[in-house]
Amino acid sequence: MPNSGRQPAPRRGLRRATLITFAAAGLLGSLVAPNMAAASSAPKPRVEDLQLLAINDFHGNLEPPAGSSGTIKEMDPKTGQVVSTPAGGIEYLATELRQAREGKRNSITVAAGDIVGASPLLSGLFHDEPTVEAMNKLGLDVTSVGNHEFDEGSKELLRMQRGGCHPVDGCYADGRTFEGASFKYLAANVTSDKTGKPILPPYWIKNVRGVKVGFIGVTLEGTPNIVTAEGVKGLKFGNEVTTINKYAAELKARGVNSIVALIHEGGYPASSTYNYDCGPAGEGISGPIVDISRRIDPAVGAIVTGHTHNAYACTIPDPNGVPRSVTSAASFGRLYTEIDLKLDKTDGTIIRPSVTAANHVVRRDVPKAPDMTALIAYYNKLAAPIANRPVGYIGADINGRGSTDLEKPLGDVIADAQLAGLSAKDKGGAQVAFMNPGGIRSDLVYKASGAEGDGVVTYAEAFTVQPFTNMMQVKTLTGAQLIALLQQQVSGLNDANPKILQPSAGLTYTLDMNKKGADRIVVPSVQLNGTPVDPAASYRVAANEFLAGGGDGFPAFATGTDKLVGPSDLDLLTAYLTTNSKPGTPLTVPAQTRIKIIGVGQDQD
């Protein structure tokens with residue numbers, strides 16, 4: 001987003017780009033000329049241009065995402081109105097990146113984590129091998145790990161890097177072995193409990209025509225709070241700033257003075273349009289990345305981020321108060337960021353005033369990349385017997401990921417499915433179920449995605465909504481613990497960015513977002529089936545294993561007793577759709593009347 005305040009300009013007649021342009025005077029970070037005479041007499045640096053192309057949070061979306069997950073909000077230059085533009089799909093992303101590299105002497109493609117994990121069935125069914133193969137073809141050079149790289153544990157992450165067949169499911173075709181990633185995974189702040197060392201390299205160095213450029217990769221320190229305990233077993237996650245500054249010093253000691261940070265943590269711009277201007281001092285963006293960026297060593301010339309699935313190309317001051325490029329390309333391959341910078345061949349540094357950054361929409365009106373089309377076709381053929389099976393019917397879009405409401409229609413459906421499957425005494429005797437909003441990865445879209453027909457929900461579409469296939473649990477909580485659980489949605493780890501659980505039918509309460517912390521839950525309003533929740537009574541509560549273990553900042557769940565393990569969340573969803581919908585009587589959109597909301601709030605992945 002432009003530091004200068006200039007309006008976005010078209011790129012190749014299709015893209016609207018915003019540029020970060022730093023005024024040269026006084027923006028050299030720690031390198032400040034003593035006086036104008038000395039500056040004018042100093043020799044001009046020999047310069048090498050470098051293009052960085054960046055993505056983040058791809059999440060295995062090889063095919064164009066359906067519904068709102070496959071659009072980008074932008075300002076229509078003709079009407080001045082915000083419109084949703086279809087975007088994404090690896091066939092189009094590959095074409096866009098290849099075209100962007102044309103005529104560039106030096107180009108490196110980078111990512112900021114969550115390339116795999118929480119993926120649609122086309123990739124997730126094969127443990128994301130298709131996505132790694134696609135990224136190899138795409139020309140990805142290096143990425144940080146993200147929290148979702150740990151969904152199946154560190155051993156599986158290492159297999160993604162090194163290759164080899166899956167230890168349980170084996171190889172997916174005779175004579176075809178998964179070769180692993182040709183790009184580098186970086187995990188500077190993820191260390192082994194046993195060795196104390198990073199499980200993957202902390203940085204990667206690329207020689208750009210005589211200038212060494214170092215890339216440091218980290219995931220968010222809070223990864224253990226948002227991944228199952230099994231996924232992060234035996235690992236420690238260090239502070240992002242401390243880790244980056246440590247390795248920046250190490251790189252400089254090795255003579256690497258051009259440094260880029262790849263961070264799987266992000267921010268929240270004040271506008272949802274992809275090319276919103278954050279302002280010259282980053283005043284238009286909030287969230288963890290702001291504090292992180294302000295404390296990272298000024299030697300880091302640019303910061304590529306992710307995790308929040310937002311789009312921004314901002315400048316945030318470094319510790320010296322000098323603006324620095326901080327970017328994120330939304331998610332699912334709907335955008336890519338182009339960062340252009342100049343390398344000083346005299347001292348090997350990034351010339352900070354030269355840095356420009358812009359996000360570009362991956363529009364679906366460019367030619368498809370044939371090699372990606374072939375890859376998709378190959379895996380679609382393997383997946384077809386499972387993927388195309390109808391599991392239910394809907395009468396209209398039921399939005400989950402694409403809903404901005406705190407109570408999401410698809411969240412209600414998922415919670416109802418869990419309650420229905422676990423309410424029988426021999427199944428756990430659940431009286432209420434909760435779904436974490438970050439676990440809802442897509443929408444159920446009425447329009448057919450293939451040949452199944454409008455309104456038909458296929459197994460692949462249900463899988464895309466709930467790709468983790470977490471096992472369900474039912475626990476006993478006291479009424480006091482149940483109320484504490486609701487309060488933890490808006491307090492503790494979730495105080496700044498509330499995570500509103502999606503409740504099953506029968507649980508109702510008032511959420512007053514004009515108040516602060518736990519007081520946002522109006523305790524007298526909490527009722528189950530029309531009766532106030534009794535703090536001294538016991539209740540059987542269902543949730544997926546991640547949430548039931550206290551994940552996402554809900555320690556009250558972990559205090560539950562009498563645990564019973566049930567089927568997977570995906571199995572319960574598909575069973576519910578099959579039982580409660582037919583071609584002539586499709587499932588309708590829930591009324592969203594379970595949470596009465598006063599004021600507004602922000603829901604976070």
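Author: Start with angles between helices. Two axes at 65 to 115 degrees to each other count as roughly perpendicular. Keep in mind throughout that the model is predicted.

Reader: At what angle do helix α10 and helix α15 pack?

Author: Helix α10 (residues 409-422) and helix α15 (residues 569-580) pack at an angle of about 95 degrees. That value falls in the range, so α10 and α15 are roughly perpendicular to each other. Their axes are 8 Å apart.

Reader: Which residues make the contact of α10 and α15?

Author: From α10 come V413, I414, D416, A417, Q418, A420, G421 and L422. From α15 come D569, L572, L573 and Y576. By type, the residues of this contact are eight nonpolar, two polar and two charged.

Reader: How far can I trust the model? What pLDDT does the chain average?

Author: pLDDT is the predictor's confidence in each residue, from 0 to 100. Here the chain averages 92, and 92% of the residues score at least 70. Over residues 1-39, however, the pLDDT is below 50. That stretch has 94 contacts in the model beyond near neighbours in sequence.

Reader: Where is S293, and is it buried or exposed?

Author: S293 sits in helix α8 (residues 288-295). Its relative accessible area is 0%, so S293 is buried. Leaving out residues up to four places away in sequence, S293 touches I303, I316, P317, D318, P319, R324 and V326.

Reader: Where are H59 and H127 found?

Author: H59 is in the loop between β3 (47-55) and β4 (71-75). With 0% relative accessibility, H59 counts as buried. H127 is in the loop between α3 (121-124) and α4. H127 has 13% relative accessibility and also counts as buried.

Reader: And G139: where is its place, and what does it touch?

Author: G139 is in the loop between α4 and β7 (142-144). At 26% relative accessibility, G139 counts as partly exposed. Not counting residues up to four places away in sequence, G139 touches R101 and T109. Distance along the chain and distance in space are separate things to read. G139 and L97 are 42 residues apart in sequence, with their C-alpha atoms 8.9 Å apart.

Reader: Last, the rings. How many aromatic pairs does the structure hold?

Author: The structure holds nine aromatic pairs. Planes over 60 degrees apart count as edge-to-face. For Y203 and Y247 the ring centres are 5.9 Å apart and the planes lie at 65 degrees, so this pair is edge-to-face. Y203 is in strand β10 (residues 203-208) and Y247 in helix α7 (residues 240-253), 44 residues apart, so that the pair links distant parts of the chain. Y203 is buried at 13% relative accessible area, and Y247 is buried at 8%.

Reader: How are the rings of F434 and F557 placed?

Author: Their centres are 6.4 Å apart and their planes are at 70 degrees, so the pair is edge-to-face. F434 lies in strand β22 (residues 432-435) and F557 in helix α14 (residues 555-558), 123 residues apart. Both F434 and F557 are buried.

Reader: Which residues do ring pairs link into a cluster?

Author: The cluster consists of F126, Y172, Y378 and Y379.

Key:
Residues numbered from 1 in each chain as written. Predicted model: local features only at pLDDT ≥ 70, side-chain atom pairs only at ≥ 80, totals over all residues. Heavy atoms only, no water. Contact = heavy atoms within 4.5 Å. Axes fitted to C-alpha atoms, helices over the stretch in contact; angles between N-to-C directions. Helix = DSSP H or I, 4+ residues; strand = E, 2+ residues; numbered from the N terminus. Parallel < 35°, antiparallel > 145°, perpendicular 65-115°, else oblique. Nonpolar A, V, L, I, M, F, W, Y, C, P; charged D, E, K, R; others polar. Phe/Tyr/Trp six-rings, centres within 6.5 Å; stacked < 30°, edge-to-face > 60°. Buried < 20%, exposed > 50% of the residue type's maximum accessible area, 1.4 Å probe, protein only.
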